[in-house]
Amino acid sequence: MNSRRVLGFSAEHGLRFTRNAATSGSAPLQLSPALLSGSQRCTSGLKSQRQCRAASCRDLHTSSLDRQSLKVSPEATTTTTTTKNPNASASIAEAVDLNDMPVPLSHQFRSLMRLLTHSVVVCTSTHLTPKSGGSARDGGAPGVPRAMTMSSFTSLALHPTPAVSFNIATPSRTLDAIKSSGFFNIHVLAADVSGAKVANWCRQGNEGALQLFEKLREECKCDVTLGGESGGPAMLQGPGVLHVLRCRLLNDEAHGGLVKVRDHVIVVGEVLEIVDGRGQDDTDTDTEQAFGLAYADTKYREPGRSIRTERLEMGLKERR
């Protein structure tokens, strides 16, 4: 039976070096993708599938979505491929002691964080053009609509008004839009295929901003309301959208609602209004009891059963 031995990890190229133990020492090295995205490559020994079952989250099988139109990248596999240049592979092994090369802490941390569920929302804003001469709050001219999918959204405070926060990696066109206009909308997505479809479209970037919103109309059947003359952020309503939070940057603090932390910026906003996310033809959907879309271990998730604390308390009493 053939077995492979991990020789090391290349942080620069994201490759794991392995050698077939049954072959001779002169055999070429084999390179395997090592994205460290799941339990098989997490050095902490955590089991992602088991953890996700414990969290009662069910996969949303996006295979039913149109992968070609959504440009969904295929999941990372552990298929091993042989290098075309054996001499080059051997020279790598000789130059670097791969046997004891540690996995970078950043990769270990990323693997661990993928086992936690995160909420999935879509943020929209408008990047005001230089012709506006001001921001949307000053009645500036309309600009370019932006949108992005994010998993860092969370509530921050309730009083005196509700406050929310999220972080964005820089550079970002959506962040530039938030800075220029001071306003943004947060769309809470449904935990179903329609919500995952909206999230997938909005994760593809803002290079063709207007084309993105056209696709949301055509492919997701969303009602898209652009800012118009007010220059406000776009609003999405319809299948896959539960609620829309209309927000503005929190301007009653010295940081003005924007806090830079290394290569990210934390955005702090004040909630002005909560709007029903259902479209005109989607009035039968009960948004009161619906859960929002979640994300963990590189997959969209649907919240499942709850854990009854009464059973936990009974178990503790019996142990006492």
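Modeller: In this predicted model, Val259 has a relative accessibility of 31% and therefore counts as partly exposed, a class that lies between under 20% and over 50%. Val259 belongs to strand S15, which covers residues 258–261. Val261 is found in that strand as well; its relative accessible area is 41%, so Val261 is also partly exposed. Patch membership requires over 30% relative accessible area, and Val259 qualifies because its value is 31%.

Leaving out residues up to four places away in sequence, Val259 touches His264, Val265 and Ile266. Strand S16 spans residues 264–276, and S15 is joined to S16 by four bridges in the antiparallel sense. Within this pairing, Lys260 has Val265 as its bridge partner. The two strands make a hairpin with two residues between them, and Arg262 in the turn has a positive phi of about 55 degrees.

S16 also pairs with other strands. Strand S10, residues 163–169, runs antiparallel to S16 and is joined to it by seven bridges; Ser165, for instance, has Val268 of S16 as its bridge partner. Between Val259 and Asn167 there are 9.1 Å in space, C-alpha to C-alpha, although the two residues are 92 apart in sequence. Strand S14, residues 241–249, likewise pairs with S16 in the antiparallel sense, over seven bridges, and Arg246 stands opposite Glu273 of S16.

In soluble globular proteins, nonpolar side chains tend to be buried together. The largest nonpolar core has 24 residues, of which Leu189, Val198, Phe213, Leu216, Leu236, Leu293 and Tyr300 touch the most other members. Two or more residues each come from helix H6 (193–202), helix H7 (209–218), strand S13 (235–237) and S14, with H6 giving the largest share, five residues. A second, separate core has 18 residues, among them Val121, Met148, Met150 and Cys247.

Technical notes
Residues are numbered from 1 along each chain as its sequence is written. This is a predicted model: local features need pLDDT of at least 70, side-chain atom pairs count only at pLDDT 80 or more; totals for chains, interfaces and linings use all residues. Side-chain values use heavy atoms; hydrogens and water are left out. Buried means under 20% relative accessible area, exposed over 50%, partly exposed in between (1.4 Å probe, protein chains only). Two strands pair if DSSP finds at least two bridges between them. A nonpolar core is a set of buried Ala, Val, Leu, Ile, Met, Phe, Trp, Tyr and Cys residues joined through side-chain atoms within 4.5 Å. Contact means heavy atoms within 4.5 Å.
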